Amino acid sequence: MNDNEAPIIMFDKVSKWYGQFHVLRDIELRVAKGERIVICGPSGSGKSTLIRCVNRLEEHQSGHLTVDGIELTDDVKAIDAVRRNVGMVFQQFNLFPHLTVLENLTLAPMWVGKMPKKEAEDKAMTQLKRVRIAEQAQKYPLQLSGGQQQRVAIARALCLTPKIMLFDEPTSALDPEMINEVLEVMVDLAKQGITMLCVTHEMGFARQAADRVIFMDQGQIVEQNTPTEFFHHPKTDRAKDFLSKILSH
Amino acid sequence: MSAVVFAPIESRPPPVATRGALAWIRRNFFDGWLNSLATVVTVLMLLWLVPPLFGWSIVHAVFAPDNAACRAAHEHGACWGVVAEKGRLILFGRYPFEEQWRPLLACAVLIALLVASCLRPFWKPWLAPLWLAVLAVCYVLMRGGMLGLTPVETSRWGGFPLTLALSVVSLAVAFPLAILVALGRTSKLPAIRAVCVLYVELIRGVPLISVLFMASFMFPLFMPQGTTIDVLLRVLVGMTLFAAAYLAEVVRGGLQALPKGQVEAAQALGLTYWQTTRKIVLPQALRLVVPAIVNSFISTFKDTSLVTIVSLYDLTGALQLALGDADWRKFFLEGQLFVAAIYFVFCIALSRYSRWVEAYLNTGMRRQ
């Protein structure tokens with residue numbers, strides 16, 4: 001982590017509530033440019049909410065959140081600017097079923113990036129090749145397997161050449177046989193120096209690709225460390241307990 | 001111990017069903033005693049109903065507009081002569097007789113455009129301006145007062161052109177309005193939401209007849225003295241508002257059925273609210289509710305017959321005018337059947353078309 005450069009994502013005492021439920025509690029987090037972070041923790045700990053705040057799919061109610069130098073507020077222009085630089089991959093893929101794979105990829109470049117169709121299509125094909133699925137460009141998402149759909153979703157997020165990629169449990173909805181093909185694409189991506197925030201329980205991926213693991217519970221960051229340190233020498237009892245549950249079988 | 005070899009079984013075609021007409025009949029009509037009973041009862045019913053119906057409507061029917069012959073054939077034969085005699089009155093209402101080529105031409109143009117609009121190659125950006133132009137031309141043609149056409153008051157418009165104009169215009173305006181209201185009801189802004197809820201609940205809580213009455217008689221009371229708004233226009237506004245309220249609820253059903261992840265994905269890609277709505281939300285939401293939309297369209301088309309109560313003579317109203325003739329009043333059934341057949345043709349065409357639209361919009365929604 002280069003300490004001289006300003007962090008690309010900065011959470012400063014960020015809190016969020018769902019009604020009365022305090023889901024994020026005074027989050028302090030600095031992510032350096034190019035850093036790859038895996039976030040894990042029990043269900044309901046606020047992991048997904050945390051990364052969804054980064055592109056304002058969720059609003060935080062107190063504290064400051066700055067992404068790529070832009071503070072996220074109600075200002076729609078600021079939100080649009082941040083979203084242009086942040087790609088997101090969802091657990092349920094969320095591809096647009098009424099559009100072909102190629103149209104899914106060219107939509108944002110053409111409408112948000114104002115790119116001519118031809119150029120957007122060329123770019124889309126490049127991204128589809130990158131996730132090794134170029135031959136499916138003319139199909140509709142529901143004609144593909146889960147693993148293929150998730151790779152298309154990754155390619156779609158990459159089409160606006162984002163600086164930051166958010167992954168919200170990208171392999172949780174996949175059949176076991178298809179998890180690897182998605183993880184391979186993510187590892188490739190990690191090697192290319194893009195900033196990544198990834199909510200996942202794939203500990204193999206964390207070991208292989210992450211610079212830092214963040215462990216959350218009850219809306220707080222409980223501990224954070226390098227993958228090796230975190231897995232072998234967890235500091236808190238909460239993390240030990242969690243790891244014993246997910247690694248015991 | 002040797003390894004167990006996995007031997008995949010080759011895929012083969014499904015077993016061939018027994019062929020032949022007899023096998024088909026047995027499978028479809030005599031498959032079990034309940035099915036056989038239903039078949040026998042149906043055949044008996046048809047034998048009992050069809051011959052007399054055929055005799056009444058064709059064999060013993062009078063087709064010429066001959067009143068005496070009709071009276072003689074009454075009881076055992078239909079008098080289609082009433083249609084031959086009163087056809088133009090039923091079709092065009094009180095529109096001046098010599099000028100009836102104008103509504104005929106307007107209807108032909110409008111129907112041609114309707115059919116064209118249903119076809120995929122015509123879904124182009126110029127279709128909307130073309131519609132506006134055609135509606136303007138039809139209005140001028142019907143209303144007259146320029147280009148050497150005799151003026152004809154809208155209160156004298158009637159019959160099929162009136163039915164068609166009321167349905168087409170009110171649906172064309174109601175549909176976009178309904179989409180806006182449905183979006184408004186799901187809006188994050190409480191003021192917009194409240195206005196839309198109020199509008200829908202107010203209109204839905206009142207019968208169409210009341211809306212038409214209010215549009216026709218009460219509305220002018222609130223206008224400054226001396227200003228008159230055409231009765232046809234007032235009724236059109238009433239019908240449009242009524243249809244839009246129902247359609248809005250249909251569209252809202254589609255909006256609610258859309259998974260939240262679709263909007264989130266679009267937002268995450270940086271699409272604005274209107275881009276998301278146009279490109280992601282509406283194409284999917286409307287596809288889900290095509291049958292319900294068509295249902296609303298059909299019922300609006302038929303509801304136009306209620307304008308009779310504010311003295312506009314649509315197809316059914318014009319029929320009543322025609323049956324006002326004491327000589328022909330006896331043959332109201334034949335007249336009703338004629339009018340019903342016209343409604344039926346349009347409704348069935350719309351219903352068949354909606355099946356095609358559903359199939360067309362389902363592209364990509366099925367796994368195969």
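Is W126(B) buried, partly exposed or exposed? At 43% relative accessibility, W126(B) counts as partly exposed, where buried means under 20% relative accessible area, exposed means over 50%, and partly exposed lies in between (1.4 Å probe, protein chains only).

Before going on, a word on how to read this. This is a predicted model, in which local features need pLDDT of at least 70 and side-chain atom pairs count only at pLDDT 80 or more, while totals for chains, interfaces and linings use all residues. Residues are numbered from 1 along each chain as its sequence is written, chains are lettered from A and ligands numbered from 1 in the order in which they are written, and side-chain values use heavy atoms, with hydrogens and water left out.

**Confidence**

The predictor's confidence in each residue is called pLDDT and runs from 0 to 100. Chain A has a mean pLDDT of 91, and 98% of its residues reach 70 or more. Within chain A, confidence is highest in strand 6 (residues 86-89), at a mean of 96, and lowest in helix 9 (residues 237-247), at 88. Helices (H or I, at least four residues) and strands (E, at least two) are DSSP runs, numbered from the N terminus. Where pLDDT is low, the predicted coordinates should not be read in detail.

**Aromatic rings**

Rings of Phe, Tyr and Trp (its six-membered ring) pair if their centres lie within 6.5 Å; planes under 30 degrees apart count as stacked, over 60 as edge-to-face and the rest as tilted. By this rule there are 19 aromatic pairs over all chains. One of them joins F122(B) to W126(B) in an edge-to-face arrangement, with 6.4 Å centre to centre and 85 degrees between the planes. F122(B) is partly exposed, with a relative accessible area of 32%.

F213(B) and F217(B) form a tilted pair, 5.3 Å centre to centre with 35 degrees between the planes. These two are separated by about one helical turn because they are four residues apart in helix 9 (residues 208-222) of chain B. F213(B) is partly exposed at 36%, and F217(B) is partly exposed at 44%.

In chain A, F215(A), F230(A), F231(A) and F242(A) form one aromatic cluster. One of these rings also has a charged neighbour: R207(A) lies over the face of F231(A), at 4.8 Å from the ring centre. In chain B, R88(B) lies over the face of F97(B), at 3.9 Å from the ring centre. A charge sits over a ring if NZ of Lys or CZ of Arg is within 6 Å of the ring centre and within 35 degrees of the ring normal.

**Cavities and a pocket**

Rolling a probe the size of a water molecule over the atoms shows where empty space is left. On a 1 Å grid over the protein atoms alone, a cavity is a set of points where a 1.4 Å probe fits but cannot get out, and a pocket is an open set with protein on both sides within 12 Å along at least five of seven lines; lining residues have an atom within 4 Å of a point. Grid points are joined across faces, edges and corners, and a volume is the space filled by probe spheres set on the points.

There are two cavities of 30 Å³ or more. Ala, Val, Leu, Ile, Met, Phe, Trp, Tyr, Cys and Pro count as nonpolar, Asp, Glu, Lys and Arg as charged, and the others, Gly among them, as polar.

| Cavity | Volume | Lining residues by type |
|---|---|---|
| Largest cavity | about 50 Å³ | seven nonpolar, one polar, one charged |
| Second largest cavity | about 40 Å³ | eight nonpolar, no polar, one charged |

The lining of the largest cavity includes G87(A), R156(A) and L269(B). Helix 5 of chain A gives the most to this lining, with three residues. For the second largest cavity, the lining includes R36(A), C198(A) and F205(A), and the largest share, three residues, comes from strand 3 of chain A.

The second largest pocket has a volume of about 1400 Å³. Its lining has 34 residues, of which T186(B), K188(B), V263(B), Q267(B) and Y273(B) lie nearest the centre. Helix 12 of chain B supplies the largest share of this lining, five residues. By type, the lining divides into 15 nonpolar, nine polar and 10 charged residues.
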